[in-house]
Amino acid sequence: MPARLAFAALALLALAPLAFWPTYLSKLNVADAYTHAHAALGTCWLLLLLAQPLLIKAALRSWHRLLGRLGVVAGAAFFVSGMLIAHRSVARMSIDQFTREGRFVYLPLAMAAIFGVALLLAVLWRHAAPIHGRFMAATALPLLDPLFARLLFIYAPPLPAEAFYQAPAFGLSLAAVSAMLWSLPDRSPGRRAFQYFSVGVVSVLLGFFVIPHTAAWFSFATWFRALPLT
């Protein structure tokens, strides 16, 4: 498990420049502070996911715990920055644009929620290594969609529907939580918590194809847009 998490974090770090070069890295001088902070915190989090398993493998547990304490602060800040960027994206829309596109705030909010819950549960189960490691690995799941959707949009031929751009990340996320749950022994502490979390992840991801198109979600998005956050 630690080696696989480190490899996954390294792969995401390697792919990130390809995904974010056209829209962010090539335009650093015009990006705002929110974007810079979110990008820096996301990079720090991937570096944490890379370093922590290696520290465990090297039996450097005191360094693992110290980095973990710092990581909680970085992770919380990353969650907040994600919420602020989602709010800013809809707050800047005109009424007409919000009516057409406001529903898409579901995805960044959903990813922030998955990250925040996974981080919280990883902290709560920090003394049970197998379940703690799985919740830490699950914090990488919300990073898949921004990465793979951009890679498809930039480098692949146009897809027939917008929802298809989420397919790789959603598929990988569902496969990952299924594999982590299947490999967790039946009597492991925290197994029930991870089961509920996995069901929640699946529900949130599949909800993307239904919930944003409902009147209830539009009402929520309207309320969220009006909050004085940014």
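Let me begin with helix H7, where the buried residues are Leu141, Pro142, Leu143, Leu144, Asp145, Leu147, Phe148, Ala149 and Leu151. Buried here means under 20% relative accessible area, exposed means over 50%, and partly exposed is in between, with a 1.4 Å probe and protein chains only. Helices (H or I, at least four residues) are DSSP runs, numbered from the N terminus.

A word on the source. This is a predicted model, in which local features need pLDDT of at least 70 and side-chain atom pairs count only at pLDDT 80 or more, while totals for chains, interfaces and linings use all residues. Residues are numbered from 1 along each chain as its sequence is written, and side-chain values use heavy atoms, with hydrogens and water left out.

Back to H7, residues 141-155. Its 15 residues should span 21 Å at 1.5 Å a residue, and the end C-alpha atoms are 22 Å apart, which agrees. The expected span is 1.5 Å times one less than the number of residues.

Next, the spaces. On a 1 Å grid over the protein atoms alone, a cavity is a set of points where a 1.4 Å probe fits but cannot get out; a pocket is an open set with protein on both sides within 12 Å along at least five of seven lines; and lining residues have an atom within 4 Å of a point. Grid points are joined across faces, edges and corners, and a volume is the space filled by probe spheres set on the points.

The largest pocket has a volume of about 2,000 Å³. Its lining has 50 residues, and Phe20, Pro108, Asp145, Pro146 and Arg150 lie nearest the centre. Which element gives the largest share of that lining? H7 does, with 9 residues. By class, the lining of the largest pocket has 34 nonpolar, 9 polar and 7 charged residues. For these classes, Ala, Val, Leu, Ile, Met, Phe, Trp, Tyr, Cys and Pro count as nonpolar, Asp, Glu, Lys and Arg as charged, and the others, Gly among them, as polar.

The second largest pocket has a volume of about 770 Å³. It is lined by 27 residues, with Gln52, Ile56, His64, Arg126 and His132 nearest its centre. Here the largest share, 7 residues, comes from H3.

His64 itself is in helix H3. Is His64 buried or exposed? His64 is buried, because its relative accessible area is 16%. Leaving aside neighbours within four places in sequence, His64 is in contact (heavy atoms within 4.5 Å) with Gln52, Leu55, Ile56 and His132.

There is 1 cavity of 30 Å³ or more, and the largest cavity has a volume of about 40 Å³. Among the residues lining the largest cavity are Met111, Leu141, Asp145, Phe170 and Leu205. H7 gives the largest share of this lining too, with 4 residues.

Last, the core. A nonpolar core is a set of buried Ala, Val, Leu, Ile, Met, Phe, Trp, Tyr and Cys residues joined through side-chain atoms within 4.5 Å. The largest one has 55 residues, and Trp45, Val105, Phe194 and Phe197 have the most contacts inside it. H5 gives the most to this core, with 11 residues. Phe194 touches Ile131, Arg134, Phe135, Val177, Met180, Leu181 and Leu184, not counting residues up to four places away in sequence.

Terms used:
Helix = DSSP H or I, 4+ residues; strand = E, 2+ residues; numbered from the N terminus.
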